[in-house]
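Student: I keep getting lost when I look at sheets and interfaces. Could you walk me through how to read them?

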Amino acid sequence: MKRDVNFILNGRPVTLSVEPRTTLLRALREYGVTSVKRGCEEGECGTCTLVIDDLAQKSCMVLALEVEGKSVLTVEGLVAPNGDLHPLQQAFVEEGAIQCGFCTPGMIMTAYAFLRKNPDPTEAEVREALAGNLCRCTGYIPIFRAVMKAAKTMRELGSHPGAAR
Amino acid sequence: MSMLAFELERPRDLASAVESLGRHGSRAMLKAGGTDVIVWMHKHAVQPEVLVDLSEVPELGGISFYPHRGIKIGAMATVNQVGTHEDARVHYGALVDACLSHSDPLIRNKATVVGNVCAAVPSGDLIPAFSVYEAVMHVYGPGGERDIAFADFITGPRKNSLAPGEIVVSATLPMPSGRSAACYIKLGRRNALDLAQVGVACLAMQGSKGAEYRLAYGAVSPRPVRAAEAEDILAGSESPDEALLDRAAKAAAAAVNPITDVRAGREYRLSMVEELTRRAVSICAERLTGRESR
């Protein structure tokens with residue numbers, strides 16, 4: 001039987017009608033938020049990563065009904081109202097950290113939550129933080145470079161521009 | 001595969017959670033973080049009609065530390081919360097090592113320490129740490145409160161000694177006596193997102209009769225196993241030499257009973273139990289005699 005779940009999605013309140021067995025991943029994709037990718041659906045690959053109340057989570061491991069009253073941020077929510085990309089997104093483009101793109105939204109959301117806690121990381125810390133996100137194209141090096149570059153940009157800007165929260 | 005349909009209950013207090021579990025009996029399963037049970041439900045390996053979600057029960061949250069009593073870990077405390085807890089980092093080295101070796105940094109935001117132990121999978125990373133600290137499980141159920149010694153808690157693969165309707169509220173890991181040092185070494189094929197082929201937890205304590213050691217193993221027996229004979233061999237020795245380490249390592253291998261599976265063979269696991277015992281004991285002995293206390 002379907003039930004309503006109310007939460008904040010990328011800064012806006014939403015109500016979705018879902019079955020208890022519907023994961024947040026499936027509910028969001030059904031709703032049209034297709035940046036969360038359905039990869040392994042068993043918590044291994046990280047392509048469905050988003051941020052719930054400041055913590056990066058794999059959305060295939062979250063039941064949609066669990067986010068009642070919480071704030072959910074996906075990569076769509078990082079884009080500024082005027083369309084400007086977030087420094088993390090911009091750095092991924094500039095550093096060639098994207099090939100097929102399937103892992104990219106998850107990588108960016110993991111990096112986003114990580115940089116909020118640790119704005120001036122070492123590359124070793126970035127590698128550790130991204131250990132739960134698999135990429136089969138890039139060999140990771142451009143991704144690490146992009147995160148380090150975005151961290152520097154964000155420190156210079158002194159804020160998280162374009163973020164919904 | 002999709003999960004089969006089920007009803008979700010989200011009780012707001014412990015009494016309602018126990019009531020809910022009692023009402024549905026064996027048709028219900030508990031969910032804490034969900035990172036284990038949701039995977040199993042996806043595979044249709046378990047098919048509960050009702051899932052009782054504990055994540056909104058306030059009595060189950062939190063981590064508290066009192067030097068005379070130890071660290072008390074609420075059932076909903078996540079692996080990352082415990083792994084980064086200041087007092088755990090100072091006094092519970094094997095617990096913190098185990099937390100940080102578990103899955104990956106994202107899953108650790110959801111998975112719970114107590115859930116990992118309750119799931120009772122032989123390779124569960126937190127299990128050897130709970131063994132060496134001789135944890136006490138605080139349980140609440142239809143018959144009220146009771147404590148279960150960790151040595152009696154896990155009865156086999158995916159089996160624990162909870163009675164129907166009981167919930168683990170929290171677990172206390174008593175403070176190691178005197179100066180102590182501890183570590184957990186996990187052998188896997190990669191650093192993240194892997195199950196242990198062998199896990200070894202070692203705790204060394206400075207007692208009145210010299211050093212005292214506790215050794216526990218994961219992924220090499222159906223139930224958690226302490227290497228009592230190896231512990232006796234090492235007792236009293238602050239800096240065990242090669243010969244003593246070898247004797248202890250052989251005794252440890254004799255205490256475990258690994259299987260051959262997709263992750264490793266029995267012979268390899270036995271050989272690694274020996275090697276990792278030497279390493280874990282050496283690390284702890286060095287830390288115990290040095291200035292560092294973890």
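Tutor: Strands here are DSSP runs of E, at least two residues, numbered from the N terminus, while helices are runs of H or I, at least four residues. Two strands pair if DSSP finds at least two bridges between them. This is a predicted model: local features need pLDDT of at least 70, side-chain atom pairs count only at pLDDT 80 or more, and totals for chains, interfaces and linings use all residues. Residues are numbered from 1 along each chain as written, chains are lettered from A in the order written, and side-chain values use heavy atoms, without hydrogens and water.

Student: Which residue in strand 10 of chain B is the bridge partner of Gly74(B)?

Tutor: That's Ser170(B).

Student: What order do the five strands of the open sheet in chain B take?

Tutor: In general, strands pair through backbone hydrogen bonds, either parallel or antiparallel. In chain B the order is 4-5-10-6-7, with antiparallel pairing. Strand 4 (63-66) and strand 7 (144-149) of chain B are at the edges with a single partner strand each, so one side of each has no neighbour in the sheet.

Student: And how many salt bridges cross the interface of chain A and chain B?

Tutor: A salt bridge is a side-chain nitrogen of Lys or Arg within 4 Å of a carboxyl oxygen of Asp or Glu. The rule finds four across this interface. Arg108(B) and Glu128(A) also meet through their side chains in a salt bridge, at 3.4 Å, N to O.
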